Amino acid sequence: MPPKKPGLGLSIAPGSASAGSGVIADTTDPSDLLPHDGEDAMKLKDKDLEFLGELGAGNGGTVSKVRHIPTGIIMARKNIMVSAERQLKSELKILHIVRSDYIVSSYGAFSHEGAISVCLEYMDLGSLDNIYHKKGPIPEVTTVKIAVHVLRGLLYLSEKSILHRDIKPSNILVNSKGQVKITDFGVSKQVLDTIARTFTGTQGYLAPERITSENSYSVTSDVWALGLSLIEISTGKNVYPLLSLFEMMTYVQESEPPSLPPGKFTPMFEDLVSKCVIKDPTKRFSPEDLLRHPYCMDVIADGISLIEWAESLKD
Ligand SMILES: Nc1ncnc2c1ncn2[C@@H]1O[C@H](COP(=O)(O)OP(=O)(O)OP(=O)(O)O)[C@@H](O)[C@H]1O
């Protein structure tokens with residue numbers, strides 16, 4: 001039987017952990033309560049969500065930390081302005097399709113006073129850009145482990161023909177279990193031919209092919225953005241800061257691909273990053289190729305747990 005697709009505000013499947021209204025015991029792992037394939041989303045209402053604090057704001061709206069009072073689950077509530085209707089439809093559609101350890105899950109969505117709220121799995125250590133701004137550049141081996149998590153997420157998305165189109169440190173979230181997950185599907189697209197031709201995403205991470213006349217986009221354009229993100233989090237510096245769109249177009253096309261500062265990182269890491277930022281998209285490595293890169297294979301063989309790093313990030 002094909003899995004049921006959850007809709008806005010539908011009740012959760014009977015028998016699933018979150019169907020009851022009692023308070024969830026402290027020992028319950030909230031990720032067990034996220035809807036799985038074939039289950040409906042939770043029935044969420046504004047009055048059941050207690051505001052606990054602001055988490056951040058993006059182009060599409062604000063994100064706050066909330067407690068779902070009937071279950072006690074802490075969630076990240078993303079309020080999306082209805083004016084961003086296209087973004088909203090795309091984001092909800094994709095959030096309902098994806099279920100992966102490397103992608104932030106959704107509990108469900110509801111409308112309230114002209115805005116739509118999407119309640120997402122709460123990632124308590126926040127985004128990679130918050131982390132490196134607060135704690136400084138992320139060590140190389142940790143960065144490679146993060147790369148493996150994101151590449152597994154991108155591989156999963158490519159298997160579903162989904163292009164993320166806005167990979168950047170603020171869209172990669174971490175929790176204290178050491179999990180690293182991709183979020184923010186506001187400009188993502190599910191395509192049949194795995195190539196999209198729309199000009200969208202965050203300007204500083206656009207791959208060369210997206211700003212040339214072809215303006216095409218494939219999964220390796222997400223890899224380019226991952227390459228820039230790896231340079232940024234391991235050096236603590238944005239690769240293309242403060243360039244206007246026009247300057248970016250000229251610079252990215254005419255200059256050498258971005259690279260790590262010489263002498264500060266291992267040759268293996270330099271090589272891994274260089275494979276992400278090959279300017280010709282047909283020669284750039286795919287997520288699958290990169291997961292077979294010797295550095296990724298080494299960290300996978302040693303274990304890609306990030307628990308110790310996550311522990312070190314807690315205040
Ligand atoms: N599930 C979540 N758990 C914890 N924090 C989150 C979660 N989702 C978002 N945040 C926080 O809220 C911030 C804003 O998120 P949002 O996805 O709205 O925008 P953004 O990616 O920062 O910007 P833009 O919309 O320009 O891409 C994030 O950077 C992150 O710090």
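I began at the ligand and found one of its oxygen atoms 2.5 Å from an N or O atom in the side chain of N171. A reminder to myself: this is a predicted model.

A nitrogen atom of the ligand sits 2.9 Å from a polar backbone atom of E121. From N130, a polar side-chain atom lies 3.1 Å from an oxygen atom of the ligand. Next I checked burial: the ligand taken alone exposes 610 Å², and the protein buries 91% of that.

Which elements give two or more residues to the shell around the ligand? I noted β1 (49–57), β3 (73–81) and β5 (115–121). Of the elements, β1 gives the most, with three residues.

I also counted the neighbours. The ligand is surrounded by 20 residues, and the closest are N59, E121, M123, K168 and N171. Sorted by class, the shell holds eight nonpolar, seven polar and five charged residues.

**Side note on N79**

I stopped at N79, which is found in strand β3. Its side chain makes a polar contact with the side chain of R77, at 3.1 Å. I looked along the chain as well: N79 and H112 are 33 residues apart in sequence, and their C-alpha atoms are separated by 9.4 Å.

**Helices around α9**

On to the helices. For two packed helices I write down the angle between their axes and the distance between the axes.

I took α3 with α9 to start. Helix α3 (residues 140–159) packs on helix α9 (residues 294–302) at an angle of about 95°, and their axes are 10 Å apart. Because of that angle, α3 is roughly perpendicular to α9. From α3, the contact uses E140, V141, V144, K145, V148, L151 and R152; from α9, it uses Y295, C296, V299 and I300. By class I get eight nonpolar, no polar and three charged residues in this contact.

Then I turned to α7 (residues 267–276), whose axis comes within 9 Å of that of α9. The two axes cross at roughly 115°. Which residues make this contact? On the α7 side I listed M268, F269 and L272, and on the α9 side P294, Y295, C296 and D298. These divide into six nonpolar, no polar and one charged.

Conventions
Residues are numbered from 1 along each chain as its sequence is written. This is a predicted model: local features need pLDDT of at least 70, side-chain atom pairs count only at pLDDT 80 or more; totals for chains, interfaces and linings use all residues. Side-chain values use heavy atoms; hydrogens and water are left out. Axes are lines fitted to C-alpha atoms, for helices over the stretch in contact, and angles run from 0 to 180 degrees between N-to-C directions. Helices (H or I, at least four residues) and strands (E, at least two) are DSSP runs, numbered from the N terminus. Angles under 35 degrees count as roughly parallel, over 145 as roughly antiparallel, 65 to 115 as roughly perpendicular and the rest as oblique. Contact means heavy atoms within 4.5 Å. Ala, Val, Leu, Ile, Met, Phe, Trp, Tyr, Cys and Pro count as nonpolar, Asp, Glu, Lys and Arg as charged, and the others, Gly among them, as polar. A residue is near a molecule or strand if one of its heavy atoms lies within 4 Å of it. A polar contact is a pair of N or O atoms within 3.5 Å; within protein, one must be able to donate a hydrogen and the other to accept it, and residues adjacent in sequence count only if both atoms are side-chain atoms. Accessible areas come from the Shrake-Rupley method with a 1.4 Å probe; for residues, only the protein chains shown count as cover.
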